[in-house]
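Let's take a walk through a protein model together, one contact at a time. Keep the sequence and the 3D view side by side as you read.

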Amino acid sequence: MRRRRFLGGTAAGAAALAAVSVPLIGSALRRADGSSPGRVLSSRARLPEPYQVPLPVPDVLDPVSRGGGTDVYEVTQRVADLEILPGLRTRAWTYGGTFPGPTVVSRSGRRTQVRHRNELPQPSVVHLHGGHTPAGSDGYPVDVILPAGGAISAEQAMRAMTEGMPGHGGHTGHGGHAGISGVAEAERTYTYPMRQRAATLWYHDHRMSWTGLGVWSGLAGFHLVRDDEEDRLPLPRGDRELPLLITDRSFEEDGSFRYPLIDPGLGRPGVTDDYMDGVLGDVVLVNGAPWPVHRTDGARHRLRLLNGSNARPYRLEFDPQPPGGDAFVQIGSDGGLLERPVRHDAVHLGPGERFDVVVDFARWKPGTRVRLVNTLADGTAHDVMAFDVVRASADDSRVPDRLSRVERLDPAEAVTTRDFHFRLGKDGWTINDDGYRPGRALARPKLGQLEIWRFTTSLQHPVHVHLNHFQVLSRNHGDPGPYDAGWKDTVDLRPTEAVEVAIRFTDYAGTYMLHCHNLEHEDMAMMADFVVE
């Protein structure tokens, strides 16, 4: 495999390139059970015992104005020193000074605007993951917000996104692309019409070549959408509705984040060769706290599970299991409510996926510590968090047998089938044997037309599609998997798997993204543009 070095370039210009050689990446992803999609980066800090830190819940962001059918929010991206490991300080890149960032709550059908100001030392891009969003606010990976104060120019920002990266094959720029809004100085306002149903979304950094570092450093937060249909259901709410952002991290001895950058000076993107499969941390954080514990009453709780890790998948189970099993009652997926609830003993989340579940803690006796564990990992990454059931409690919530009406996409109505192959090429991680080049479209679907997209892979890749949710039709020509129900925007492909999905793009024309949500793969060119016409 060759690592290509870009020698310049701006958002409107081409870059020259030269090639240097590096070894092929390791084989950690080749485990057929999908349990090892990368390499563990061990912490050097003294780690706390699990279940000592109370579970934090991210604050809900208040709008700065409401009027004319629009709620306006402001977020300042800035460096903050946080106490993540007890007794140590971790310098993080944050939305508003916290990790995770504050939760934005929107109403379906009511426009949301979020004005982001970048006071970080690096450029940033914001993507609303799962948002049905016009192209100009989708977070195209070279539409950066430059740091306030002018310390980094547009040319420097573009060079930092392309310098030394594998598989980019020449940067053609993005000027003139439909719906793309270019470089912003210090601030950008993202507009989200919210023409979508209630769902668990999240926002995170999406800068080309640097998404892995940005998210690892703290740039992630929840964005929840609510609607009348969901409000009418007798689901748990208030303190019994918990958003849980699950991530893994590694720490240096002084408490700072440890991440295997090839260039710690941030002049050249990418991780060292040993971690090109993906970076796995040995500390599991939930809402930014290491292996937290939550005191809960014996009642139903709604858990909004989000895998915000760079590369690690989770197979979550409770220990002990409740009598009779089926601890998780899944009520929603990436794109909102399922038609009917689905019961599981465990749930599998690839990076970027969300599961909306109800858990009835009355099924455990008061005084029981219920551990949430990851059965895909050993050692410290096996533990996730714990719930201490402290008392029996009155509970008027329930999960109805029917939750929502979900439109079924009929594959017989598809106008075309497109193939996207996710694999390792001679120049790095590729889609259809090419590394990412901004402005080169791999597909041009038409607004309103149904298509079948077929994803195939030799190794494990969580595949994410922007703009619209899709429905999984099959895995390896058989039925969808047990975790494929409902509307999805991210689907976790196991090694040597083929997945077919039905998708229809609506409302907004322009340039959007298809990519692997293993962030090290994404940063090393496993992305592609598609243009909705």
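A salt bridge here is a side-chain nitrogen of Lys or Arg within 4 Å of a carboxyl oxygen of Asp or Glu. Strands are DSSP runs of E with at least two residues, numbered from the N terminus. E241 is buried, and R304 is buried too; buried means under 20% relative accessible area, exposed means over 50%, and partly exposed lies in between, using a 1.4 Å probe and protein chains only. E241 and R304 also belong to a network of salt bridges that links them with R226, E230, R302 and D356.

Before going further, please note that this is a predicted model, in which local features need pLDDT of at least 70 and side-chain atom pairs count only at pLDDT 80 or more, while totals for chains, interfaces and linings use all residues. Residues are numbered from 1 along each chain as its sequence is written, and side-chain values use heavy atoms, with hydrogens and water left out.

Strand β15 (residues 241-249) and strand β20 (residues 300-307) run parallel and are joined by six bridges; two strands pair if DSSP finds at least two bridges between them. Across this pairing, L244 stands opposite L305 in β20. Both strands belong to an open sheet of seven strands with mixed pairing, in the order β18-β17-β15-β20-β25-β22-β23. At its edges stand β18 (289-290) and β23 (336-344), each with a single partner strand, so one side of each has no neighbour in the sheet.

Stay on β20 for a moment and find N307, which lies in that strand. Is N307 buried or exposed? N307 has a relative accessible area of 0%, so this residue counts as buried. A polar atom of the N307 side chain lies 3.2 Å from the backbone oxygen of G350. Leaving out residues up to four places away in sequence, N307 touches several others, including W202, I246, Y314 and P351; touching means contact, with heavy atoms within 4.5 Å.

Next, move to strand β27 (residues 383-392), where seven of the 10 residues are buried. Six bridges connect β27 with strand β19 (residues 293-298), and these two run parallel. In that pairing, D297 has R391 of β27 as its bridge partner. Strand β26 (residues 369-374) pairs with β27 in the antiparallel sense, over five bridges. There, R371 stands opposite A386 in β27.

How many aromatic pairs does the structure hold? There are 18 aromatic pairs in the structure. Rings of Phe, Tyr and Trp (its six-membered ring) pair if their centres lie within 6.5 Å; planes under 30 degrees apart count as stacked, over 60 as edge-to-face and the rest as tilted. The rings of F318 and F387 have centres 6.2 Å apart and planes at 65 degrees, so this pair is edge-to-face. F318 sits in strand β21 (residues 314-319) and F387 in strand β27, so the pair ties together parts that are 69 residues apart in sequence. F318 is buried at 3% relative accessibility, and F387 is buried at 0%.

Another ring pair joins W453 and F505, with centres 5.5 Å apart and planes at 55 degrees, so the pair is tilted. W453 lies in strand β31 (residues 450-457) and F505 in the loop between β35 (498-504) and β36 (510-516), 52 residues apart. W453 is buried, with a relative accessible area of 0%, and F505 is buried at 1%.

Let's finish where we started, with charges. The structure holds 44 salt bridges, and one of them joins D71 and R110 at 2.8 Å from N to O. D71 is in strand β5 (residues 70-82), while R110 is in the loop between β7 (101-107) and β8 (111-118), 39 residues apart. D71 is buried, with a relative accessible area of 2%, whereas R110 counts as partly exposed at 25%.

Terms used: Helix = DSSP H or I, 4+ residues; strand = E, 2+ residues; numbered from the N terminus. Polar contact = N/O pair within 3.5 Å; in protein donor to acceptor, adjacent residues only side chain to side chain.
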